[in-house]
Amino acid sequence: MNFEEMLNASEKSVVGKELLPVGTLRKQQIDGKYKNIVAIRQDLADNSSFCASLQEDQQYTSRLNMAQQMHYEFTSTVSGSCELGLEAGSYQTLEHVLRDDPSVVARKGFMDDFTQQLMDAANRLHQDGVFYWCFAPKNILLAKGSSRPMLLCHGSLFKPTDLAAIYQGIENFVAPEVMQTGRGDARSDVYSLGMLLQKIYENGDMPMGMKAVVKKAVSEDPKARYATVEAMSTDLKKRNSMRQSLLVSLAALAVTLLCVVVYFDVTPQTEKIDFVEQTFQQDNDEDWFGDENFDPEAELAGDPDSANVDGDTLFTKDEKKRLDEYQAKAEDIFKKQFERQADRILSKVYSNERMGAEEKVFVAGSKQLMEELIQQQTKLGDEAGLSPERTGQLANDIINRLTREKQKSLSKKGIQK
């Protein structure tokens, strides 16, 4: 049995299949080892212009040093079929991943990394004047367990007359001008990337920042799209950053509002009291004082330090001084203890994980932490013997200061979603 016959001998040697635009990806056992093979569709293999373009693409990719590029070797058999021998590894199409494990989109960091790597790859191709044309899920490979996209054949290196056959069934991922004329530029790849993101989020909630970017990217008019993929990537990062800043502001507002609510809930409400002045007849003055010889100055004479006549209480100055010192110490203890607890709780609010969550999850989680903050305020205030209104004032000052510090810290880190 010769080499060609061995490759095509039996389906028993084939493990799994992935449908790509140009053919079928499969693992085939050769000499006891499994290799990744793409069997080119026979209708394309019979097309001489396509095969010539495929060889040109293979030569280009062999020189391309890019982590997102799948390298391969082009071979043709005596029987007239063509095959691509791919790099070693275990690969699936993005279409396969989205079908079997759609929750991968919600996995933390997956989409951010996947999208950025795809845009970086497109930018690198554009530096060489090469365009991918079709970022359809079945035209992108992923190593199992990885978020790194792998590209195969580049549409702009094929003859315009071959494109309709290559992208049969996935034409909607290709820019209209490319399908009509076989030509395009960076704006055409911008369109295809936008269509891909639209497809990925068709059954889920697309992030707010991404919606506006995708809408512009998939415009039918090329001039209305981003001029480059780099411009698209920059705008997406900017909008994600704005969304992050909005979440930070909402968190700060939520903390402030909760503190205000707590303050007014625990502060006793005073009621207006109308005092009625009691009048006395001049004739009863002597009866009122009880003694016509009553001398106010004589009765109140004595040590000038013995009474606090300037205040509303009858505490001595020494007693009032001791009370003020106790109050100051109690407040100092409360501030130190509450600041430690507030810093711990607010650090959970202003964390990468929480700030990167969806709005509903963020609000629900933050509400629980704010309730914990209120409990600590009440507990420590009672232990310090301070009034609820005073603890509310002190806690509000501490929370506002810590919130400003954490906002500045997040801004410096430049947290992205």
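Me: Is Lys199 buried, exposed or partly exposed?

Reply: Classes first: buried is under 20% relative accessible area, exposed is over 50%, and partly exposed lies in between (1.4 Å probe, protein chains only). Lys199 is partly exposed, with a relative accessible area of 35%. Bear in mind that this is a predicted model, where local features need pLDDT of at least 70, side-chain atom pairs count only at pLDDT 80 or more, and totals for chains, interfaces and linings use all residues. Residues are numbered from 1 along each chain as its sequence is written, and side-chain values use heavy atoms, with hydrogens and water left out.

Me: Which residue forms a salt bridge with Lys199?

Reply: A salt bridge puts a side-chain nitrogen of Lys or Arg within 4 Å of a carboxyl oxygen of Asp or Glu. For Lys199 the partner is Glu202, with the closest N and O atoms 2.9 Å apart. Glu202 is partly exposed, at 48%.

Me: How many salt bridges are there by this rule?

Reply: The count is 13. One of them joins Arg124 and Asp128, with 2.8 Å between the closest N and O atoms. Arg124 is partly exposed at 27%. Asp128 is partly exposed too, at 38%.

Me: Where do Asp332 and Lys336 lie in relation to each other?

Reply: Helices here are DSSP runs of H or I with at least four residues, strands are runs of E with at least two, and both are numbered from the N terminus. Asp332 and Lys336 sit 4 residues apart in helix 13 (residues 317-349), so about one helical turn separates them. Their side chains meet in a salt bridge at 3.4 Å, N to O. Asp332 is partly exposed at 34%, whereas Lys336 is exposed at 51%. Shared partners can also link salt bridges: Glu339, Arg401 and Glu405 form one network in this way.

Me: How many disulfides are there?

Reply: A disulfide is a covalent bond between the sulfur atoms of two cysteines. The test is a pair of cysteine sulfur atoms within 2.5 Å. By that rule the count is 0. Take Cys51: its nearest cysteine sulfur belongs to Cys82, 3.9 Å away, and Cys51 is in no disulfide. Cys51 is buried at 12%. Cys134 is buried as well, at 0%.

Me: What span does helix 8 reach, and what is expected?

Reply: The expected span is 1.5 Å times one less than the number of residues. Helix 8 (residues 186-200) has 15 residues and reaches 21 Å from first C-alpha to last, close to the expected 21 Å. Of the 15 residues, 12 are buried, so helix 8 is largely enclosed by the rest of the structure. Among the buried residues are Asp189, Tyr191, Leu193 and Ile200.

Me: Which residue caps the N-terminal end of helix 8?

Reply: Asp185 does: one of its side-chain oxygens lies 2.9 Å from the backbone nitrogen of Arg187.

Me: Which way do strand 2 and strand 3 run?

Reply: Two strands pair if DSSP finds at least two bridges between them. Strand 2 (residues 23-30) and strand 3 (residues 33-40) run antiparallel, joined by 8 bridges. Their hairpin has 2 residues between the strands, and Asp31 takes a positive phi near 55° there. Arg26 has Ile37 of strand 3 as its bridge partner.

Me: What is the bridge partner of Ile37 in strand 5?

Reply: That partner is Gly85. Strand 3 and strand 5 (residues 82-86) pair in the antiparallel sense, over 3 bridges.

How values were computed: A polar contact is a pair of N or O atoms within 3.5 Å; within protein, one must be able to donate a hydrogen and the other to accept it, and residues adjacent in sequence count only if both atoms are side-chain atoms.
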